[in-house]
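Subject: Structure handover

Hi,

Here is the structure I promised to pass on to you. Have a look at it first, and then read on for what turned up.

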Amino acid sequence: MSIASHEDAARSAHAAWQKAVAGVLAKSRRVEVSDLPADAEHLLDSTTYDGITVSPLYTAFDERPEGPLPGQFPYLRGRDPHRDVNAGWKVCTRHGSVRGDGADDAATANTQILDSLSNGTSALWLTVGNGGVDPTALPEVLRGVFLELAPLTIDARGDVSAAAAAVFEVLDSADIDERAAVDIRLGVSTLTAGLSGTESIEMTEALELARKSIGRAETIRAITVDGTVFHNLGGSDAQELGAAIAAGLEYLRSMTDAGIGIADALRQIEFRFSATDDQFQTIAKFRAARTLWARIAQVCGAPDAGDAPQHAVTSEAMMSQRDPWVNMLRTTLASFGAGVGGADSVTVLPFDAALAGGAAGVSKTFAARIARNTQLLLLEEAHLGRVLDPGAGSWYIEELTTAVAAKAWEFFQTIETSGGFRAAVDDGSLMTAIENTRAERDSDIAHRVTPLTGVNEFPNLAEAPLDPERTAPQGSTTVYRYGRAFESLRDRSDAYLAEHDSRPTVLLVPLGSVAEHNVRTTFASNLLASGGIEAVDPGPLTVDGIAGSVETSGARIAVVCGTDKRYADEAATAVDALRAAGVTQVLLAGPEKIFTGTEGTSRPDGFLTAKIDAVAVLTELLDTLGASK
């Protein structure tokens, strides 16, 4: 077949698909195909928080030119062309007293680290100083660790200089043949620490550490540009990337102003980004991030030094306190996306990380093992590390990568227009942009446009109440978790349960047969449960049976459930019967249009649909039911 014939066949197949899509859309919308736009398939488009349009289908018509190989500028396909495909990315685990596990004791920390390394960990992230191991104990903590084999990242915050001195002392006394193979990240986060509510050192001290690092034989990077800060505050992917490269550029300016060469300055920086359960967005984000920083290095005159390493951490914001077992699925998708996207190392948070001290009845060693083994399964069972940049050539991934990079660059330019990263932080413009995105996401979650399994969708109301001390905010880092509004409602329900020995309840009034009311009783039950309210379902009711059900349940609030046709015949009468039985608030599962023209007491007090602000409605219901804030 000739190229022209192949293209004609492809266009014909695409046209047939468009016609089929239009037919399905017309049927679902109960209109004629002629009433739809010519490109009806775009009615299925979705838009990300960065304003990127995601199409329902990508074809060869969206193909882009093949990028350079891994290890070549602009590092789209990865920074290391010689990565061991039998090992894949580095499996990084965190140690120290992060979860109150007593690992601030040097011997305990050393035991945990060696156990972790012997069971699949290939990179270490160690909390040192306040809240972690004492810097002077590092020789004992790192005893038996071959630092030329396992990269080490330090999180010492304000104690980083003391931690660095201790690490250098360990290195100086160690018998290491290939010192360049030793990979140490000191974790200085001067520019981003304030936004996360944590401590760091001043820039002058950070520059001194950078100079010391440059002068050593080992591969040491002093600066960590922590993009997870922007993500945890509510930023979008492009905002996280744009703010991170703006911060990175600010570090470069400070280092070069202090007399450090641009190539040396570039090699003092690593990036840390969040990985979420949106696997394609995560893949695209990590690929885009490398091209953005490569462009910065190119403009600065050192493109060969623009291959800064990437450390992926599964998103703290996406983690839920309720039904935390679902977090195992979230972190699996996130680590998949980060690994496929080319992150050099990946840290998977324990599935119960959103709970202070972890989930009740779950050992910390179990949670840590599951987090580590999540990556090991992806690497050793699914063999995801065997191919560098497996997403390359995917029409969707390539298009999304380009779009994310473009939006991130726009955000970066906005920050630069404000005068650079520090100026954008000081004048509030950076936080205003992030807060706007956070508000949009919160609205989508509240309206259940964005589903959170176990939180605003499919909640487990039978789940044991949580200890208030476990749900309390942890540490000083600001993390706006996606499910926090719904989980606050569940906390109110738990408090009510502790006081009354029962949860707040609402009576369902199912009209007609099970087949008629099942869809809406299920919808109403799940909606109420997401706010910690138990739905009492007495089964199919007639209008005559309403009074008895109200008396039995003792409910003050009721939700009428049935079909539109059944509502037309019986809903108004059912509302009257409920009010006569003493129900003070009557809701109806369905649209308000059913009661157009109906006024007075026969009209429900509210309507439960998929479009409501569920958080607002559930908050009002809990207030009415006496579940205190």
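Before more of that, two notes on the source. This is a predicted model, in which local features need pLDDT of at least 70 and side-chain atom pairs count only at pLDDT 80 or more, while totals for chains, interfaces and linings use all residues. Residues are numbered from 1 along each chain as its sequence is written, and side-chain values use heavy atoms, leaving out hydrogens and water.

Back to Phe230, which lies in helix α7 (residues 228-232). Helices (H or I, at least four residues) and strands (E, at least two) are DSSP runs, numbered from the N terminus. Phe230 is buried, with a relative accessible area of 0%; buried means under 20%, exposed over 50% and partly exposed in between, with a 1.4 Å probe and protein chains only. Its C-alpha atom is separated by 47 Å from that of Val583, 353 residues apart along the chain.

Now the barrel. Eight strands close it in the order β3-β4-β5-β6-β7-β8-β9-β10, with parallel pairing; two strands pair if DSSP finds at least two bridges between them. The twist averages 30° from one strand to the next. Strand β3 (residues 90-95) is joined to β10 (residues 345-347) by 3 bridges, and Lys90 has Ser345 as its bridge partner in β10. Helix α4 (residues 160-173) packs on the sheet, touching β5, β6 and β7, and its direction makes about 170° with that of β6. Axes here are lines fitted to C-alpha atoms, for helices over the stretch in contact, and angles run from 0 to 180 degrees between N-to-C directions.

Helix α11 (residues 327-340) lies across β8, β9 and β10, at about 165° to β9. Its residue Thr331 is buried, with a relative accessible area of 2%. Leaving aside neighbours within four places in sequence, Thr331 is in contact with Thr314, Met318, Met319, Val348, Leu349 and Thr374.

α11 also packs against helix α12 (residues 364-381), at about 40° and with the axes 10 Å apart. The two are therefore oblique to each other (angles under 35 degrees count as roughly parallel, over 145 as roughly antiparallel, 65 to 115 as roughly perpendicular and the rest as oblique). Met328, Thr331, Thr332, Ser335 and Phe336 of α11 meet Phe366, Ile370, Thr374, Gln375 and Leu378 of α12.

Further along, there is an open sheet of 5 strands, in the order β12-β11-β13-β14-β15 and with parallel pairing. β12 and β15 stand at the edges, each with a single partner strand, so one side of each is left without a neighbour in the sheet. β14 (residues 585-589) and β15 pair over 3 bridges, with Phe607 as the partner of Leu588. Helix α18 (residues 514-530) packs on this sheet, touching β11, β12, β13, β14 and β15. Helix α20 (residues 564-580) packs on the sheet as well, touching β11, β13 and β14.

Finally, the axes of α17 (residues 484-500) and α21 (residues 614-625) come within 10 Å and cross at roughly 15°, which makes α17 roughly parallel to α21.

Enjoy exploring!

Technical notes
Contact means heavy atoms within 4.5 Å.
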